[in-house]
Amino acid sequence: MQCLHYDKTTLYMENVALSELANEFGTPLYAYSFKQLISNYKRFDDAFGDYPHTICYALKANSNPTILRMLAKSGAGADVVSGGELFFALESGIKPEKIVFAGVGKRDIDIEAAIKIGIRGINVESEMEYEVISDIASRLNRVAPVSLRINPDIDIHGHPYIATGRHGDKFGITTDAALTLIDRIKSDDYCDLVGLHAHIGSQIKEIKPYESLASTMASLAKKAIDTGHRLEYIDLGGGFGLDYERALTVDINAKGDDDLSLDPSEVIPKFIDAVKDTGVHLMIEPGRALVANAGVLITEVLYLKKTGETNIIIVDAGMTELIRPSLYSAYHGIVPLEIRDADTMVADVVGPICESGDFFAREREIQHVGRGDCLAVLTTGAYGYSLASNYNARPKSIELLVRGQRVKVIRERQSLEDLWNE
Ligand code: LLP
């Protein structure tokens, strides 16, 4: 997280001491770095050089309206998976022609909205869905722009819950099924095959799966073009991973690291090389890689206890704010906002929720902390707030944007009345 550093013993995001945010706004809170968000987007964008492309940000990673507007202003398109995300993308100023719509279970009213609005492509995830899209388009007397979501049977060797491109996963259609649909759509007056799409999973840390994906998609695109389709784009999805372990070390004057697992300037040229013969526009759909390392979750230590041999640090945030450790056994760095004591202890860091699965870390070596100290849970800009819940009647936390030395509230903390009146 290059947006973080210790100035002597105090943790800063850009030019703001995070302890000041905790004092002023209370905890738990999410803080995001403007500079990191913009530079993440630019890093991917620059990697394309002159090649025609769109970076369709995957809204599911973090759909805070201010962050969406920032990305829209930088030129991002959107990958949406629901009518709600489609609405958010349009409200944030993203043009319909930069929006693609994925998801195995699109509702008829959302498909209808997408056709009427004129988005760039609706991803077909099954043969039955194709028939539904075609029927809706014929009822509207419109032509639906469709894109086939290919399941290329590529294993990314990651957590099974976030692998999406192996046969047996619920996503997309096989290349054989795609060839059949490429023929069928040719004679469909209500659907245009405008694109080919794939998203093989999340947290991809090796370049190999991407290389085989790009070459499978390029040869399928050639077949579609040979069949007579005016294919406009290939969308290779998101999934660019982060090394969560590399976010920041706890040390006086330490600076946050570059934590992207794959350098866009190496991956994107490989994509371009694979597809350039087809002459089509290239799309990618990063979510995590644009926002994860721009965000931290700040939480206060409530209690310390020991059960048996286990030291337990109980903090005021839990799986309601960040569910990734509970759901995927995901690792997040946890560091103090003030280094008070260089000595470390081994402890479980757990939340206040009435679930044993409510933890941020198990047997973690962590600086000694006391009641009232604050910790930053690192690399939580993606799939943090967007997966938050109100379980145990807990209001969702506040979200702040840090820019230089300025701080802006970009979502208010929910009140109990908000919950009760929902
Ligand atoms: N495109 C499609 C069609 C997707 O389904 C996803 C993520 C993305 C793009 C963006 O993937 P990314 O670049 O963020 O890896 N909650 C999990 C991740 C679930 C990802 C779901 N799909 C986590 O916290 O690790």
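Helices (H or I, at least four residues) and strands (E, at least two) are DSSP runs, numbered from the N terminus. This is a predicted model, in which local features need pLDDT of at least 70, side-chain atom pairs count only at pLDDT 80 or more, and totals for chains, interfaces and linings use all residues. Residues are numbered from 1 along each chain as its sequence is written, and side-chain values use heavy atoms, with hydrogens and water left out.

**View 1. Ser-329 sits in the loop between helix H11 (324-328) and strand E15 (334-336).** Phi of Ser-329 is near 50 degrees, a positive value in a residue other than glycine. Its relative accessibility is 62%, so Ser-329 counts as exposed. Buried means under 20% relative accessible area, exposed over 50%, and partly exposed in between (1.4 Å probe, protein chains only).

**View 2. Lys-8 lies in the loop between strand E1 (4-7) and strand E2 (10-13).** Lys-8 is not a glycine, yet its phi is positive, about 55 degrees. Lys-8 counts as exposed because its relative accessibility is 57%.

**View 3. A cis peptide bond joins Thr-27 and Pro-28.** Omega is about -5 degrees here. Pro-28 belongs to the loop between helix H1 (18-25) and strand E4 (29-33).

**View 4. Strand E6 (residues 77-80) has buried residues pointing both ways.** Gly-77 and Asp-79 point one way, Ala-78 and Val-80 the other. In a regular strand the side chains alternate between the two faces of the sheet. Strand E5 (residues 53-58) runs parallel to E6, joined by three bridges. Two strands pair if DSSP finds at least two bridges between them. Cys-56 has Gly-77 as its bridge partner in E6. From E5 the chain crosses through helix H3 (residues 65-74) to E6, a right-handed β-α-β crossover. Right-handed means that, with the strands pointing away from the viewer, the path from the first strand over the helix to the second runs clockwise.

**View 5. E6 also pairs with strand E7 (residues 99-101), in the parallel sense.** Three bridges link E6 and E7. Asp-79 has Val-100 as its bridge partner in E7.

**View 6. Strand E8 (residues 121-124) is joined to E7 by two bridges, and E7 and E8 run parallel.** Val-100 has Gly-121 as its bridge partner in E8. E7, helix H5 (residues 108-117) and E8 form a right-handed β-α-β unit. In E8, Gly-121 and Asn-123 point one way, Ile-122 and Val-124 the other, and all are buried.

**View 7. E8 runs parallel to strand E9 (residues 144-149), with three bridges between them.** Val-124 is opposite Leu-148 in E9. E8, helix H6 (residues 127-140) and E9 form a right-handed β-α-β unit.

**View 8. The ligand is surrounded by 18 residues.** The closest are Ser-202, Glu-285, Arg-324, Tyr-328 and Tyr-383. The shell has seven nonpolar, five polar and six charged residues. Ala, Val, Leu, Ile, Met, Phe, Trp, Tyr, Cys and Pro count as nonpolar, Asp, Glu, Lys and Arg as charged, and the others, Gly among them, as polar.

**View 9. A ligand oxygen atom lies 2.6 Å from a polar side-chain atom of Tyr-383.** The protein covers 92% of the 580 Å² of accessible area that the ligand has on its own (Shrake-Rupley method, 1.4 Å probe).

Definitions and conventions
Near = heavy atom within 4 Å. Polar contact = N/O pair within 3.5 Å; in protein donor to acceptor, adjacent residues only side chain to side chain.
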